[in-house]
Each structure stands twice: as C-alpha cells, then as structure tokens.
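Please look through the model shown below with its sequence alongside, and follow the paragraphs with both in view.

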Amino acid sequence: MHDAKRIEVTLADGRRRPASAIGDDPASDLAVIRIDEARVDEPGLTAAALGDSQQLRVGQLVVAIGNPYGFQSTVTAGVVSALGRSLRSYSGRLIDDVIQTDAALNPGNSGGPLVDSAGRVVGVNTATILPAQGICFAIGINTAKFVASRLLRDGRIRRSYIGVSAQTVPVHRRVVRFYDLAKESGALVLSVEENSPAKRAGLRDGDIIVALEGHAVAGVDDLHRVLA
C-alpha cells in the first residue's frame, strides 16, 4: 500500500468501493485506510472484534483469512507456534512481539486477519519464510491497535531519534571487563547529523554506544528498541 496511487476495497458481497490512505507505518508493516463515502449503518461493513495478543498461548488454535494468489476469502487453520518473535520490516527496523503460526500463508494473505477460535482478531498476517513450510508470522493486534490509534490521530508514527548512522560491532573483552559492561557488543557511530541530539550531546564518529538511558545497547537493533 505504501505510495499506492489508487486503493480499492472489495467487500465480502463482492462490492468494490474506493478508499484513501489515512497513514502507513513501514516500520511495523501496517497501514490505516478509509472507505470513501461509506455510511456507518451500510450493510457489509460490520466491524471485527479485536482481541488481546498478550493473552495468546503457544498451542492455541488460530485461523488466517486472506486472498492468497487471488483466491478470495481463503481460510487456513493452525496453532500458535511461538510468541515474542522479532521480524525485520521493509524499513530495516525490527518488529517485536511477532506471532509465529503454522496456519498456511501465501502471497495475498498479507494484511489479512489472524483470528482466535472465538472469532476475535489477534494479529495481522504479514510474512512467510519462503524456503520453509509452516513458518508464518503475524503482527500482534496490540501493536496494530497502538499503530492505528497514532495514525488516526497524527497520520504518522512519531519515533525518537538521536541522529546517528551506526552499525553493530563487538567490543574487546578487556574493555567489557574493565568497565563491567552488560553486553559484549555495541553500536559504532559511523556519522552524526548536524544539529541533532547526538551532536549536541557530544557524540562523534567512532564512538561506540553501549547504553542509553540506563538500558544496555548491544547494537543497532537494541538502539531502535530503546528509542521506540
């Protein structure tokens, strides 16, 4: 949906309606769209009940709904295989608390709901591991609710930044022992933006960030998590 020129929504009864984007968040692979000229009481626009992804347990039955390869309203069932996975988004950030399931997903399932046995939406289907079978992922509905609320309010997600480009590097064991560091790696600063918080704080090229606000930083992914 990112940078789409035209959006069209197909309802369950086959009707097609034009829609517009409220906002999208590539860092979590989620977006909010609005059906244009839709009435609240219009038939076929019943809202799905949202569940609580924090209440999910491994082994729980789930159902994935989508349009794989253009086959509309396809349903596949499976179980929650794991919780708390991390998945890299298109923007390069890690998405935390991702649900792993073995409900079969294929191209076209992305963006469809993952529901529990009570019909509550507990996730948004997002990705598969192509060479593998039965390893599929969904963004937890709690993450989706947070992102959607911010997109509805602001049209975009505001995230903290310090203004550096960095890469993950190991820290010499002697340095780790001498300073009693919690991690044996850190985020090497490659460059610092002008007039950024990092510049004002005195960070320079070649520095290694090992903690932020008391949280240990083992690399760029940890830095993203703390800033988020």
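Helix 1 is the element that gives the most to the lining of the second largest pocket, contributing seven residues in what is a predicted model. The space within the second largest pocket comes to about 490 Å³. Sorted by class, its lining holds twelve charged residues, together with eight nonpolar and five polar ones.

Helix 1 also leads the reader to a sheet, for this helix lies across strand 2 and strand 3 and runs at about 55° to strand 3. The sheet in question is an open one of three strands, arranged in the order 1-2-3 with antiparallel pairing. Because strand 1 (7-10) and strand 3 (30-35) stand at the edges and each has a single partner strand, one side of each is left without a neighbour in the sheet. On average, and with direction ignored, neighbouring strands of this sheet are turned by 50° against each other.

Strands of a sheet pair through backbone hydrogen bonds, in either a parallel or an antiparallel manner. Here strand 1 and strand 2 (residues 16-25) run antiparallel and are joined by four bridges; as for individual residues, Glu8 has Pro18 in strand 2 as its bridge partner.

Conventions:
Residues numbered from 1 in each chain as written. Predicted model: local features only at pLDDT ≥ 70, side-chain atom pairs only at ≥ 80, totals over all residues. Heavy atoms only, no water. 1 Å grid on protein atoms, 1.4 Å probe; cavity = no way out; pocket = protein on both sides within 12 Å on 5 of 7 lines; lining within 4 Å. Points joined across faces, edges and corners; volume = space filled by probe spheres on them. Helix = DSSP H or I, 4+ residues; strand = E, 2+ residues; numbered from the N terminus. Nonpolar A, V, L, I, M, F, W, Y, C, P; charged D, E, K, R; others polar. Pairing = 2+ DSSP bridges. Axes fitted to C-alpha atoms, helices over the stretch in contact; angles between N-to-C directions. Contact = heavy atoms within 4.5 Å.
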